[in-house]
Amino acid sequence: MKHVIIGTAGHVDHGKSAIIKALTGTDTDRLKEEKQRGISIDLGFASLPLGDKIIAGVVDVPGHEHFLKNMLAGTGGIDLAMLVIAADEGVMPQTQEHLAMLELYGIKYGLVVINKIDKVDQEWLGLIEGEIQEYISKTFLKNAPVCRVSAATGAGIDELKTVLIKLADSIPARDSSAPFRLWIDRVFTIKGHGVVVTGSVLSGRAKSGDSVQLYPADSVVRIRGLERHGEKVNEIMAGQRAAINLAGVDMEDVSRGMVLSAPERGEVSAAWDIVGDWREEIESGLRVRLHLGTGEFLGRIYSFKDTDNKYMRLILEEPLAAGTGDRGIIRLYSPQQLLGGVTLIAPGHNTRRLKPERAALADAVAKNEGTEVLYHRLRETQRMQAKDEIKRLSGYLPDKVVDQAVNKLMAAKKLQCFDKLYIVSSIVERLTHKMTTALREYHKSQPDKGGLTKEIIRQKLAVDEKSFDTMLAQWLQDNKVTINGGLLALRSHAERHGGWQQDIIAKAEAALAQAGLTNVDQGYLAERLTLPPEKAKPAHEALVRAGVLVKLGDMYVYRKTMQYIVQLIHKHYQEKETLTVGELRDILNTSRKVALPVMEYLDMNKYTIRDGDVRRASRKIQDLSE
Ligand SMILES: Nc1nc2c(ncn2[C@@H]2O[C@H](COP(=O)(O)OP(=O)(O)OP(=O)(O)O)[C@@H](O)[C@H]2O)c(=O)[nH]1
Ligand SMILES: [Mg+2]
């Protein structure tokens, strides 16, 4: 069974509701006030079987200009538009206005129904039809069928049905493999059941018992029961009119304009960047109404600095849950004049300028190039993304379409995958370049230092830890960098630096063998190793880092000297229980000033244990072998 949504359109009193009644038997004017005034005020709904393979859900809209808001709420989700024009009046203001709205919403299919043919003669009908043909030739309905009917007499209704069957059969079905989404158009309660919402299923499917997201509140609600065209069902899918009994929500918390959505899909934001298709001159800062889905959202529209108004920023008074590529209509706040249509690009950032990355994304959205849109959305994030996040960024595209786009981008080498995380190649290149430049500059200015810490580099690149670690793993694997003692270095530098360091250590071990308890400062080191003056400091630092030199107070002592001292103390304890600073001074044949830091060193390294004024031997020194 195929499911389509048909929406009416046209001037007040031209017979939209009458035609739906003639087609379906349903009176879509269900409100008391509608009956009294003889006009439609709010949306009306009916179902229309079209042969035995298609069921159409009908959304009947009001034609009166005062209720355009309701018309717009009903029209956003339709597949097929039925533009009704009364033969006696012809094209009228709301005929034109509604047609403009259909075009701006991006509705692609439709038909024209000339109604009330019982009220005019053949000659007049011919004239009117000519006028209508001329009028629609400049619109998306230019090749659409035109039917002549009388809802009052029933003339032409069967033919109209035949045309509808053909048309509904020929249009593409909505994608029920895409993520579920439904804009709520009605909310009511049923005693004993609670809250029921209705709407047209825009995409995907949902089952009884499923949990779905209610936006913009972003709460999770459970589907308790489902009806489709008045019939209890277990599942609803794209293209169907559905009534959904919800658990976990109160009537006051739900209203027309809200969305039920598959979890993890859609983005909620009060700021959205848009592509405008303007019918009027636009000024930055205008207070406007955005009609999108079944909702009307108030806000202001702003120009970007230094760009024309093709791309603009909408700042709404409340958050809107939507997706990249969604289309809406913009009217002036007051008077409620049509300004144009918009396509959502993505939630807006905190900038007054349209950044180049965002401009590239905007171009792709304007051209409706799905894969490119996804590519630029990913590129803009500048980070690694898991598949789920990519899906969210893609709006409500089916998973398989997202997978195809990702594969296409991977094949074109525009996207890379590291351990199930995806990142745009140009970003990897840019970050790698930035990392190499930062390290190269650092190595140049500090040739004798090992490198920079991971964290410093990560901050320089301004990427999140996860992306950084993944990329670092790749750089290490590619042999671009090395990591030593927590320091990141370019491989070439690490080799040079490591070699030099080894060299210094070997030289020092040889030259300091006889140093004894001398303070090996930079000057002494330079002299013994015959180093050029500028190398003294880095060599000294390298030896301290490598543990060749041991810091003792403000002295540096060769490590083997310290080992020798420990041996002497070991020997001392074989003869005596305790050790004083004075005794240590005598053993070392040095001054008290030097003996003190040596004592501290022995304490700190747990060779000796302080006991009042004396030191006792620790286990560690007792166990020492000769
Ligand atoms: N003579 C004649 N009258 C018709 C025909 N179709 C509708 N009408 C009458 O025209 C009036 C308006 O019809 P509706 O069906 O309410 O018109 P509508 O387009 O739904 O109007 P709104 O929803 O208010 O925009 C009613 O009084 C209908 O009885 C027709 O084919 N012939
Ligand atoms: Mg009506």
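1. Helices (H or I, at least four residues) and strands (E, at least two) are DSSP runs numbered from the N terminus.

2. Before going on, please keep in mind that this is a predicted model, in which local features need pLDDT of at least 70 and side-chain atom pairs count only at pLDDT 80 or more, while totals for chains, interfaces and linings use all residues. Residues are numbered from 1 along each chain as its sequence is written, and chains are lettered from A and ligands numbered from 1 in the order in which they are written.

3. Which residues of helix 16 are buried? In this helix (residues 533-545) they are Ala539, His540, Ala542 and Leu543. They lie on the same side of helix 16 because they cover an arc of only 165 degrees around the axis; the arc is that of the directions from the helix axis to the C-beta atoms.

4. Their cover includes helix 14 (491-511), helix 15 (522-529) and strand 27 (549-552). Just after helix 16, Gly547 has a positive phi of about 80 degrees.

5. Helix 14 also holds Ser492. This serine counts as partly exposed because it has 14 C-beta neighbours inside 10 Å.

6. Now look at helix 4 (residues 93-105): its 13 residues reach 18 Å from first C-alpha to last, close to the 18 Å expected at 1.5 Å a residue. The expected span is 1.5 Å times one less than the number of residues. Among the buried residues of helix 4 are His98 and Leu99, and Gly106, just after the helix, takes a positive phi of about 85 degrees.

7. His98 and Leu99 are also among the contacts of Leu83, leaving aside its neighbours within four places in sequence. Contact here means C-beta atoms, placed from the backbone, within 7 Å. Leu83 is one of the residues that touch the most other members of the largest nonpolar core, which has 143 residues. A second, separate core of 25 residues includes Leu543, which you met as a buried residue of helix 16. A nonpolar core is a set of buried Ala, Val, Leu, Ile, Met, Phe, Trp, Tyr and Cys residues joined through C-beta atoms within 7 Å.

Definitions and conventions. Buried ≥ 20, exposed ≤ 12 C-beta atoms within 10 Å, placed from the backbone. Contact = placed C-beta atoms within 7 Å.
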